[in-house]
Amino acid sequence: MIRIRIICLLFIAIAGNSYAQTNGPISITTKNTELIFTVGKNKRLYQNYLGKKLDKPVLPLPKGIEAYPGGGMDFEFEPAIRVVHPDDNPSLELKYQSYKTVAIAGGTQTDILLKDEVYNMGVTLHFAAYADQDIIKTWADIHNGEKKTITLTNYASAMLHFDAGKYWLTQFHGDWAKEMSMQESQLTSGSKVIDSRLGTRSNKFQAPVFFLSLGDKPANETEGELIAGTLAWTGNFRFSFEIDNKNVLHVLSGINYYASEYRLEPGKDFTTPQFIFTYSNQGKGLASRNLHTWARKYAVLDGEKSRMTLLNNWEATGMKFNQEKLVGLFDDARKLGVDLFLLDDGWFGNKYPRDNDKSSLGDWQADKKKLPDGVPYLVKQATAKGLKFGIWIEPEMVNPKSELYEKHPDWILKLPNRDESYQRNQLVLDLTNPKVQDFVFGVVDGLFSENPDLAYIKWDCNRTMTNAYSAYLKGNQSHLYIEYTRAWYKVLDRIRAKYPHIPIMLCSGGGGRADYGALKYFTSFWPSDNTDGAERVYIQWGYSYFFPANTISAHVTNWGKQSLKFRTDVAMMDKLGYDINVGEFSGEDSQFSKEAVANYKRISNTIWFGDLYRLVSPYEANRAVLMYVDTLKTKSVLFSYNLQTRYHELLTVVRLQGLDPAKSYRIKEINLLPGKKSALACNNKVYSGQYLMEVGIDVSPARQAAFSSAVLEITAE
Ligand code: DGJ
C-alpha cells in the first residue's frame, strides 16, 4: 500500500507539493479499496494513497509521487510516458486540468485530464472502479494536439507507486506444454521487468499477470496485502517494477515499447490497453475471487452463461480421419453424454491437403477426399445424433505450401532480403492489411454462411511473430506489433457484431494467449497442450489465480500415466471436455466417464460461477486441494489430488473455507469408479460449516496412493 505512512503525514505535507485545497483530493473507491490523487501547487497530479478504503478522509494528505510522470523532466526513474515533439524536444510536463466522475455499470469511472501547457498535448487517465468486486481498470488516452506528428517512445497504461518495507513479486512463466509456472521472489533495488516480444503468441514465455505482495513476507491465500494485476492486451506487454533510492516501488504496466516507437499524427489519440488490478488485504484467494466475479460479469464474453461439454478429436486421430470415422466418433460423444463434437486440425485443403503440419493453412475449403460431403454433412449428422458441432481454424496463419501463399505473397509478414523463417512450417498473415482482415473475417463468416448450425469454433495460433515485416506498413514497421493486435481486435469486433454469442475457444499452440483483451471475444481458452493429469494440476492452478473456471478449458486425454479417474477429476475442476479415443475405453472406463459427465453437468454451475478457495497448494505440498462454493453457500464442490505422495505420507486434515458456519452440510464423494465405495470417513456424513472450516476433515483420497483423487459434493441440508 502506498501509505506515505500516517506518522509522516504532517511532516511531508509541510515539505512540498501538498495538494491544492481548491481542487481537493480525487478519490477512486470501490467497496474496500481507495486510490487517492491530489494536485500539487505546480499543478502536477500526485498519487498519495492506494490501499484499504479509509473511513474518513486523512488530512492533510502526504506529498505523494507524480501519478503519470512524463519523461525528460525531473522524474529520475522510468517515466510513464515519453514523447519526442516535432521540434525534437524530448520532454513532457503534464499538468492537471479537470476531472469528472460518471456512473458506469457496476461502479464509477473517473477521468482525469492532464495537459502539457507548453506543447499542445493531453493525456486523460481513466479509472473505472467496480465497487462490489474491488476491481479498478485503468488506461490512458494520449492526444496529439500539435500541428505535426509526435513520437511516443513510452506509453504506459498505468503507473502505481507503493511504499512498503519489502515487495514480493509472483510471476508466471512457461513455454509450450509448461505454461503458467509460478515463481515468487523478493524485489530488490533497481528494475525487474516481465515482458513479451512475441507478438502473436504473446504469453508463451511470460503471462501478462502478477501478484505484488507488500510487507515482511509474501501474501498467502488468506493473509497478506497485495495487488493482483493483469493487462488486457493480446500482444507484447511489459510490467516493470522499479525500487528507487527511497525504497519506493514504481510499477508500470502497458504495451511493450520494445521496437514499437509510435508516431502519433496531429489530432489523433493513442489509447492504451486497460490495466486491471485488485487490492486485497486478505491474501491471494480474495484477489482471485474479485477477479473471477468481475471477469464473469464484465470482461468475458457470456461470462455468466453456461458452457458446453465436448469431445475433441485431436489427440485421438490427429489429422488422420475421414467422414465415416468422424461420424463414428459422434456416437462416442453421444455415449459419453457431452454436448458437442469438435473437429480439430486437418479438415481442409485440396490442392495441398492438410495431412500434416507442412501445408494448407490458408486454404479453408473442406478436403474433398477426407470429407466428400463437406462440413455441412458433418453438421447434419451431428445434429441428427443430438450433438452440436464445432470446428478448428487457424485463420491468421499460412503455410508456404498453400494456394493462399501462391496467390498473395504480399499478405504475409516476412523480411525483405532475408530467408523466410518458419515455426511449425508456417508464417503469420499481415493482419494490418485490411484485405487480410477481410480474408480472416471471411474464413469465419464463410463457415457460418455454409453451416448456419455450426455451434463452436476453436481458434488456434501456432507461431510467434518473429522475422516480421509488413509490406502494408511500409515505412512504419515500429507500429507492427501494436497494429497487428489492434487489427486482430477489429476482425473479432466484426465477427462478434455478426455472431455475438457463438462460443469460441482461444488456443495458441497450447496456452500462448490468455488475457482479458481477448476474453471479451472468447468464451474460454486452451491452457496448454500438456494434459498430463499431474502437470495439469499445476497449470490449471496457475491460471486459477487470474481467470474463472468457466474460461479454462480442460480436456481428458491420454497424456500422463495416471488413472482415467485422476485425469477426469483434474479436468473437472475447470471447463470439462474430452480429447481421447473413447472407442478404446473398457466397459468400466465408459461407465465411469458417462457418470462423470452427468456429475459434471449437475455440479458445473457451482464450479463455473462459485467462489474458488485454494486450500492446499501443489507448490507447497505433495498434493492439491481446492473448492468452489456457490453464492448462497448451499452447494460446494471440493477437489483433492494426491501428487507424488509417498507410502504412508501423512496428509493432515484440511480446513474448508467459504461455507456458512451455521449451516449443516452433507458430504458425498462422487466420481467413484463403478462399484467402488468411498474410503473417506467423511463420506455421507453431515457436519456444520463451522466444523468443516475450524476442525477440518480428511479429504485425501487414499492416504498412500500417489496420483489418486477425490471429488466431494458438499450440500447444505
Ligand atoms: C495446437 C493446439 O494446441 C492443439 O490443441 C491442436 O489444435 C493443434 N494445434 C492442431 O494443429
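1. Basis. Numbering starts at 1 in each chain as its sequence is written, and side-chain values rest on heavy atoms, without hydrogens or water. Local features in this predicted model need pLDDT of at least 70 and side-chain atom pairs count only at pLDDT 80 or more, while totals for chains, interfaces and linings use all residues.

2. Helices 4 and 5. Helix 4 (residues 323–336) and helix 5 (residues 374–384) have axes that come within 10 Å and cross at roughly 25°. Helices here are DSSP runs of H or I with at least four residues, numbered from the N terminus; axes are lines fitted to C-alpha atoms over the stretch in contact, with angles from 0 to 180 degrees between N-to-C directions. The two helices are therefore roughly parallel (angles under 35 degrees). Their crossing is right-handed, that is, the near helix is turned clockwise from the far one by less than a right angle. On helix 4, Gln323, Leu326, Val327 and Phe330 meet Gly374, Tyr377, Leu378, Gln381 and Ala382 of helix 5 (contact means heavy atoms within 4.5 Å). This contact has 6 nonpolar, 3 polar and no charged residues; Gly counts as polar and Tyr as nonpolar.

3. Helices 9 and 10. The axes of helix 9 (residues 533–544) and helix 10 (residues 564–571) are 9 Å apart, at an angle of about 15°. The pair is therefore roughly parallel, and its crossing is left-handed. Helix 9 contributes Gly533, Ala534, Arg536, Val537 and Gln540 to the contact, and helix 10 contributes Phe566, Arg567 and Val570. By class, these are 4 nonpolar, 2 polar and 2 charged residues.

4. Helices 10 and 11. Helix 10 also packs with helix 11 (residues 587–609), at an angle of about 15° and with the axes 11 Å apart. This pair too is therefore roughly parallel, but the crossing is right-handed. Leu564, Lys565, Thr568 and Asp569 of helix 10 touch Asp589, Phe592, Ser593 and Ala596 of helix 11. The classes are 3 nonpolar, 2 polar and 3 charged.

5. Ligand. The ligand is surrounded by 13 residues, the closest being Asp344, Asp345, Lys458, Asp460 and Asp529 (a heavy atom within 4 Å). Asp460 has a polar side-chain atom 2.7 Å from a ligand nitrogen atom.

Key: Angles under 35 degrees count as roughly parallel, over 145 as roughly antiparallel, 65 to 115 as roughly perpendicular and the rest as oblique. A polar contact is a pair of N or O atoms within 3.5 Å; within protein, one must be able to donate a hydrogen and the other to accept it, and residues adjacent in sequence count only if both atoms are side-chain atoms.
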